[in-house]
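I opened this notebook to keep track of what I look up about charged side chains and their partners. The entries below follow the order in which I checked them.

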Amino acid sequence: MAHYKTEQEDWLIVYLKYLLFLFNFFFWVGGAAVMAVGVWTLVEKSGYLSVLASSTFATSAYILIFAGALVVVTGFLGFGAIIREQKSCLSTYFCLLLVIFLVELVAGVLAHVYYQRLSDELKQHLNRTLTENYGQPRAVEITASVDRLQQDFKCCGSNSSADWQHSSYILSREAEGRRVPDSCCKTVVTRCGQRVHPSNIYKVEGGCITKLEQFLADHLLLMGAVGIGVACLQICGMILTCCLHRRLQRHFY
């Protein structure tokens with residue numbers, strides 16, 4: 001009877017090992033995906049970040065990159081712990097899973113808080129950026145960001161092209177008679193912003209605010225969805241790790 005029970009325990013340990021190994025593989029892939037989403041957000045879309053009032057969006061992306069890198073490293077540790085059946089490694093693996101879960105929870109809270117105030121921030125800050133900072137000698141990065149924003153989203157002005165009438169740049173001599181920046185034009189050529197006919201410039205209902213708000217909201221939802229998916233895997237992993245750790249304790253003692 002004791003021999004049968006020992007065999008049963010052995011099979012259960014083997015079963016838990018294979019299950020945890022499979023989980024760890026998906027967990028590792030998920031970590032790589034989290035890191036890729038964070039890097040893509042910063043590298044591909046970094047041009048828009050300077051027009052935002054706060055750094056919460058960028059911070060969320062950095063936290064995802066950190067969490068993703070930690071997941072990849074933890075995944076390798078998990079493979080080693082499973083193969084060697086070392087209780088100390090399994091304990092370390094469990095602690096790292098818990099730390100990653102907390103990091104992703106912080107990123108999720110930041111993303112949610114930022115999503116709630118996204119519309120108000122854009123309305124207050126983007127129009128001020130266009131009227132006060134665009135085209136100024138000390139705001140080269142902001143000018144480039146606004147130009148890229150208008151070209152990528154095919155929009156002109158914060159709410160409409162009329163917003164540029166109050167811009168310090170448009171009212172200055174540097175504008176050379178432009179009524180909107182050249183980046184508002186459908187085909188960008190020098191001083192094309194002197195003519196504001198709909199055939200020449202982008203006239204989008206809601207302006208750039210609507211476009212940028214939707215873009216940021218989609219990215220926040222994507223980061224949140226990826227984070228939640230990996231967090232669910234982590235909960236499963238922590239449960240499996242605890243089960244395997246307890247079985248190994250019973251088996252050896």
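These entries concern salt bridges and the accessibility of the residues that form them.

Entry one. I note at the outset that the model is predicted. I searched the whole structure for salt bridges, and the search returned four.

Entry two. I looked up Asp152 and found that its side chain meets that of Arg148 in a salt bridge, with 3.1 Å from N to O. Both residues belong to helix α4, which covers residues 140-153, and because they are four residues apart there, about one helical turn separates them. I then checked accessibility: Asp152 is partly exposed, at 39% relative accessibility, and Arg148 is also partly exposed, at 30%.

Which residue forms a salt bridge with Glu176? I found Arg178, with the closest N and O atoms 3.6 Å apart. Glu176 has a relative accessibility of 43% and so counts as partly exposed, whereas Arg178 has a relative accessible area of 9%, which is under the 20% cut-off, and therefore counts as buried.

Are Asp182 and Arg178 buried or exposed? I recorded both of them as buried. Salt bridges with shared partners join Arg178 and Asp182, together with Glu176 and Arg191, into one network.

How values were computed. Residues numbered from 1 in each chain as written. Predicted model: local features only at pLDDT ≥ 70, side-chain atom pairs only at ≥ 80, totals over all residues. Heavy atoms only, no water. Helix = DSSP H or I, 4+ residues; strand = E, 2+ residues; numbered from the N terminus. Buried < 20%, exposed > 50% of the residue type's maximum accessible area, 1.4 Å probe, protein only.
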